Amino acid sequence: MIDFTDQVVLVTGAARGLGLAYARALAERGALVLVQDAGADASGLGEDPRVAEDAAALLRSEGLDALAVTGILPGGP
């Protein structure tokens with residue numbers, strides 16, 4: 001198994017679905033995961049910082065290292 005101990009990984013779109021699964025898998029392998037998500041709705045509109053914050057809190061509740069990065073990253077849509 002790959003070890004990500006002492007590594008920081010930014011996962012975009014990480015608050016739901018496959019992005020959250022990837023974030024969890026990396027954190028389970030020792031990474032500090034930065035959970036980035038704009039928090040758009042199902043149609044891709046809007047922003048809600050709670051989406052990333054809630055996902056990071058969920059991972060932390062599982063004993064994993066995660067921090068939220070909210071909003072759209074520079075250069076994004």
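# Close-up views of a predicted model

**View 1. Arg-24 and its surroundings.** Beyond its neighbours within four places in sequence, Arg-24 is in contact with Leu-58, Leu-59, Glu-62 and Leu-64. Contact means heavy atoms within 4.5 Å. This is a predicted model: local features need pLDDT of at least 70, side-chain atom pairs count only at pLDDT 80 or more, and totals for chains, interfaces and linings use all residues. Residues are numbered from 1 along each chain as its sequence is written, and side-chain values use heavy atoms, with hydrogens and water left out. Arg-24 lies in helix α1. Helices (H or I, at least four residues) and strands (E, at least two) are DSSP runs, numbered from the N terminus. Arg-24 counts as partly exposed because its relative accessibility is 22%. The cut-offs are under 20% relative accessible area for buried, over 50% for exposed, and partly exposed in between (1.4 Å probe, protein chains only). Arg-24 and Arg-60 are 36 residues apart in sequence, and their C-alpha atoms are 9.9 Å apart in space.

**View 2. A salt bridge between Glu-62 and Arg-24.** Side chains of opposite charge can pair when their charged atoms come close. A salt bridge is a side-chain nitrogen of Lys or Arg within 4 Å of a carboxyl oxygen of Asp or Glu. By this rule the count comes to 2 salt bridges. In the one between Glu-62 and Arg-24, the closest N and O atoms are 2.9 Å apart. This pair links distant parts of the chain, 38 residues apart. Glu-62 sits in the loop between α2 (49-61) and β3 (66-70), and Arg-24 in helix α1 (residues 17-28). Glu-62 has 39% relative accessibility, so Glu-62 counts as partly exposed.

**View 3. A salt bridge between Asp-48 and Arg-50.** Their side chains meet at 3.0 Å, N to O. Which of these two is exposed? Arg-50 is, with a relative accessible area of 53%. Asp-48 is partly exposed, at 21%.

**View 4. Helix α1 against helix α2.** Two packed helices are described by the angle between their axes and the distance between the axes. Here the angle is about 35 degrees, and the axes are 11 Å apart. Axes are lines fitted to C-alpha atoms, for helices over the stretch in contact, and angles run from 0 to 180 degrees between N-to-C directions. From α1, Leu-20, Ala-23 and Arg-24 meet Ala-55, Leu-58 and Leu-59 of α2. By class, this contact has 5 nonpolar, no polar and 1 charged residues. Ala, Val, Leu, Ile, Met, Phe, Trp, Tyr, Cys and Pro count as nonpolar, Asp, Glu, Lys and Arg as charged, and the others, Gly among them, as polar.

**View 5. The largest nonpolar core.** This core has 18 residues. Those with the most contacts inside it are Val-11, Ala-23, Leu-26, Val-33, Val-35 and Leu-59. The elements giving two or more residues to this core are β1 (8-12), α1, β2 (32-37) and α2. α2 gives the most, with 5 residues. A nonpolar core is a set of buried Ala, Val, Leu, Ile, Met, Phe, Trp, Tyr and Cys residues joined through side-chain atoms within 4.5 Å. Not counting residues up to four places away in sequence, Val-11 touches Gly-19, Ala-23, Leu-26, Val-33, Leu-34, Val-35 and Gln-36.

**View 6. Asp-6, in the segment before β1.** Phi of Asp-6 is near 70 degrees, a positive value in a residue other than glycine. Asp-6 counts as exposed because its relative accessibility is 73%.
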